[in-house]
Amino acid sequence: MSDHGVPGLPLWLMVPASLALLLLLFQALRISGSTSARYVVFACWARFMLSSFHTYTFPKVVGDISGTALGSATLFLLGAAIIPRALLLNRVIASAYLVFIAVALSTAVNTSFVQAFEPITKFGLLIVVALHCFNALRSGDERRFTVALLLSFVPLILFQVFSLILNVPKATEGAGGESYIGGYYQEAAFSIALVGLLIVAAVARSIPRWTKAIIIPVATVGILFANYRTAIMAMIPLIIYYLLYALSRLVAHNLRTLLVVVAGAGIVVSGGTALMTLERFQDLRTIATAEKPLIKPPDEFTTQDRRLLSGRTQIWSDYYYKWKDDGTQVQHLVGFGPDSWETYFNLYAHNTFVSFLFEYGLLGVAALCMLFLAGLLAAFRTGVHRWKMIAAHLSFITLNLATMPFWLVEGIIVYALLVGYTLYYASLPAFSFRRPPYEPRLSPVRA
């Protein structure tokens, strides 16, 4: 057991496994290609390993700053030091600077400068990982980089297998069994990281189909064993895309549009109905048939209401009404400050939009929406890759509805990788399946 009361894997197994994974990292770095490629591979591997040893890395080491936070700051500073400066002018990534501005304004108004360390580090890491990923894809061997990147996710699968073999689960929220999360502290972080593996395998065009046919099911099964409802829901857009893609290959080209529309509607209806019959997702059925609003004054919640979605609806209501009723007009605009939830609540918001509203106000929510919108618009400009990229972005946005990927460095890395691949595909000539000669582009969304 860890110091946090969360089952961890035994050291006698973790240490030799980590040494083997270190050798695998060296191999991944060797084949990855460019400096940017090596940085991205190392950043992913390092974060996954830090979280695996949460007993030692989660405690505070400098004031209120944990070992993992220092590790994230180190990765950010390393990435910032070696990034080509011209990449920082990319127009798509400029939306992330709006988030920085929202955080800075909230920090200044609420004088919460120490609390701003982690969010600034995290969003800085998002920018540098996304741009290094884009740079690695455009200036090196796309296939070698993707293979090396996939190898950096091996610790997640290996440690999850160990937790299954040794039967070291974590009890899940509410009904529905247990979560096998490879000794991680939190099922959300582990599940989001596996969603990242699913996204990379799904969107990468350079790896063979047989490789996708192995990795996508492995990632999907891993997410199911992690048993985190939000992650399971989040992978649905990508799974639907690949089911429709597979079906469309079976019919003549002129019938594909009709098939996709009919089959897509059938999959959504039948899959949604089947999902709501499962005990783990019975709350979705309750929400679908509810006659009262989900968000309401906290004192109106009944005992049954508090159990809905593991109490998420009450958590969202607590945050919203605290912001609405107790915030000044200025705080309505800029929020209560970074990590201010720790002063008022015992649990984080479990919804990125609600969290941004409370901590960074209406300006913060607007900046977040601009970030997601810029990603979707860039995905729309990726030519033949359009629909799978849009599906991947929808999968990530879905994560934000009932958990907070941006609160977790794993979520920051996953979105950064998605943005990196999106920028790369948007920079390619339309309808081209082959990588063109390298031509620098500072605004790939216009391509």
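Helix H5 (residues 94-110) packs against helix H19 (residues 352-380) at an angle of about 175°, and the two axes are 8 Å apart. H5 is therefore roughly antiparallel to H19, a label given to angles over 145 degrees. Axes here are lines fitted to C-alpha atoms, for helices over the stretch in contact, and angles run from 0 to 180 degrees between N-to-C directions. Helices (H or I, at least four residues) and strands (E, at least two) are DSSP runs, numbered from the N terminus. The model is predicted, so that local features need pLDDT of at least 70 and side-chain atom pairs count only at pLDDT 80 or more, while totals for chains, interfaces and linings use all residues. Residues are numbered from 1 along each chain as its sequence is written, and side-chain values use heavy atoms, with hydrogens and water left out.

Contact between the two helices (heavy atoms within 4.5 Å) involves residues of H5 including Leu98, Val99, Ala102 and Leu105, which meet a set in H19 that includes Phe356, Tyr360, Leu363 and Leu371.

Salt bridges were assigned where a side-chain nitrogen of Lys or Arg lies within 4 Å of a carboxyl oxygen of Asp or Glu; the count by this rule is 6. One of them joins the side chains of lysine 122 and glutamate 118, at 3.8 Å from N to O. Both residues belong to helix H6 (residues 117-139), where they are 4 residues apart, about one turn of the helix. Lysine 122 is buried, at a relative accessible area of 11%, whereas glutamate 118 is partly exposed, at 24%. Buried means under 20% relative accessible area, exposed over 50%, and partly exposed in between (1.4 Å probe, protein chains only).

A further salt bridge, at 2.8 Å from N to O, links the side chains of lysine 170 and glutamate 187. Because lysine 170 lies in strand E3 (residues 170-171) and glutamate 187 in helix H9 (residues 187-203), this pair ties together parts that are 17 residues apart in sequence. Glutamate 187 is buried, with 5% relative accessibility.

Lysine 324 pairs with aspartate 325 in a salt bridge whose closest N and O atoms are 3.6 Å apart; lysine 324 is partly exposed, at 39% relative accessibility.

Glutamate 142, in helix H7 (residues 142-151), is buried at 6% relative accessibility. Its side chain makes a polar contact of 3.0 Å with that of arginine 205. A polar contact is a pair of N or O atoms within 3.5 Å; within protein, one must be able to donate a hydrogen and the other to accept it, and residues adjacent in sequence count only if both atoms are side-chain atoms.

Conventions
Angles under 35 degrees count as roughly parallel, over 145 as roughly antiparallel, 65 to 115 as roughly perpendicular and the rest as oblique.
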